[in-house]
Amino acid sequence: MTYKNIDVYTLIKPEILKLRNIGIETANLDCRLLLSESLDRYETIYNHQNIYISKDEIKKFKYLIQQRLSGKPVSRIINKRSFWKKEFKLNDATLDPRSDSETLIESVIEYYPDKLEFLKIIDLGSGTGCLGLSLLDEYSYSEVSFFDKSKKSLEMVKINAQNFDLLEKSKYINLDWNVRDWDKKLMKIENNMKYDIVISNPPYIPTNDINILRKEVKKYDPFIALNGGKDGLDSYRSILSSLSNIIKSNGKIFLEIGKGQENHVTKIAIKHGLFPKEYKKDLSGVTRVIIFVIK
Ligand SMILES: C[S@@+](CC[C@H](N)C(=O)[O-])C[C@H]1O[C@@H](n2cnc3c(N)ncnc32)[C@H](O)[C@@H]1O
């Protein structure tokens, strides 16, 4: 195969201009990420670096750019997204992990500084597994149960766990928190071993607001991962009403919430015997995580 030696910027400049013309602000970064994918490379590609590229690789790059021009996010084109310390694979049944959710990981680490502690953790609504697997990677002696209604998303968690060598300490539970007695079914699967930590980033967008989300979100993130019902709080009602049956008396709950939901979620939690210990903000200053304890 013949390879052309070319400066990256010379190759990507026309594509950057096309993406900018349709309002994509991250055009340069997107082009470099799609070029890395076309070259099967993992390291960063810089603008003024010389590379060797074949005709087929150029063809692949142009094809990926076409997908980006159609509005598909880079993470959905390459089916991966970096989160915390790892690169997670995605499929069409998983939410594209958001960096705001790293606030939850930071909060757990602040409350549990001993990385050698054995912690039994459950990730309710696990998606790619980005939250639970990041914690499992931090706390090597822990165990995480991944709980999701979507079988296809649990398959993705398994693949990610395998890639990170974390399969042994993880469990996969296909249940629905809207089904009666989901907590009892869960405890049966877990032989009545309660959790030290419950983490969850449940769907919290009010149904009518999904239509007005950016196209990249509403078209590519699964509806089930976004839809929080009429007022966005349905998942919190289902989850919080049963948590005291699955968590140890000294356990902690780390719950991600949507913008402006803190008072509503706190009220639901208090109704079910859970009390807010702290509210954590994300990098934009939005209250993103509530830490609850049992009184
Ligand atoms: C907002 S996504 C979060 C995914 C992942 N934890 C993250 O932070 O990227 C919510 C997840 O909850 C799952 N889910 C939605 N409704 C559910 C239900 N009734 N029972 C169990 N899981 C559910 C979805 O399949 C999705 O994976």
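How near do the axes of helix H2 and H3 come, and at what angle do they cross? The first legend answers this for a predicted model, in which local features need pLDDT of at least 70, side-chain atom pairs count only at pLDDT 80 or more, and totals for chains, interfaces and linings use all residues. Residues are numbered from 1 along each chain as its sequence is written, and side-chain values use heavy atoms, with hydrogens and water left out.

**Figure 1. Helix H2 (residues 27–39) crossing H3.** The two axes come within 9 Å and cross at roughly 140°. Axes are lines fitted to C-alpha atoms, for helices over the stretch in contact, and angles run from 0 to 180 degrees between N-to-C directions. H2 and H3 are therefore oblique to each other; angles under 35 degrees count as roughly parallel, over 145 as roughly antiparallel, 65 to 115 as roughly perpendicular and the rest as oblique. The crossing is right-handed, a term for a near helix turned clockwise from the far one by less than a right angle, whereas anticlockwise is left-handed. H2 contributes Asp30, Cys31, Leu34, Leu35, Glu37, Ser38 and Leu39 to the contact, and H3 contributes Glu57, Lys60, Phe61, Leu64, Ile65 and Arg68 (contact: heavy atoms within 4.5 Å). By class, these are seven nonpolar, one polar and five charged residues; Ala, Val, Leu, Ile, Met, Phe, Trp, Tyr, Cys and Pro count as nonpolar, Asp, Glu, Lys and Arg as charged, and the others, Gly among them, as polar.

**Figure 2. Helix H1 (residues 8–21) beside helix H3 (residues 55–69).** Here the axes come within 10 Å, with a crossing angle of roughly 15°, and H1 and H3 are therefore roughly parallel to each other. Their crossing is right-handed. Leu11, Ile12, Glu15, Lys18 and Leu19 of H1 meet Phe61, Lys62, Ile65, Arg68 and Leu69 of H3. The contact has six nonpolar, no polar and four charged residues. Helices (H or I, at least four residues) and strands (E, at least two) are DSSP runs, numbered from the N terminus.

**Figure 3. Asn5 in strand S1 and Ser54 in strand S2.** Asn5 belongs to strand S1 (residues 3–7) and is partly exposed, at 42% relative accessibility. Beyond four places in sequence, Asn5 touches Asn50, Ile51 and Tyr52. Ser54 lies in strand S2 (residues 50–54) and is buried, with a relative accessible area of 2%. Buried means under 20% relative accessible area, exposed over 50%, and partly exposed in between (1.4 Å probe, protein chains only). Leaving aside neighbours within four places in sequence, Ser54 contacts Met1, Thr2 and Tyr3.

**Figure 4. The largest nonpolar core.** This core has 33 residues, and Leu186 and Leu243 have the most contacts inside it. A nonpolar core is a set of buried Ala, Val, Leu, Ile, Met, Phe, Trp, Tyr and Cys residues joined through side-chain atoms within 4.5 Å. Excluding neighbours within four places in sequence, Leu243 is in contact with Leu124, Trp182, Val198, Ile253 and Leu274. Another core, of 28 residues, lies apart from the largest one and includes Ile109, Tyr112, Leu119 and Ala161.

**Figure 5. Ile210 in helix H9 (residues 207–210).** Ile210 is buried, at 7% relative accessibility. Neighbours within four places in sequence aside, Ile210 is in contact with Ile205, Lys218, Phe223, Leu226 and Asn227. Ile210 and Asn227 are 17 residues apart in sequence and 7.4 Å apart in space, C-alpha to C-alpha.
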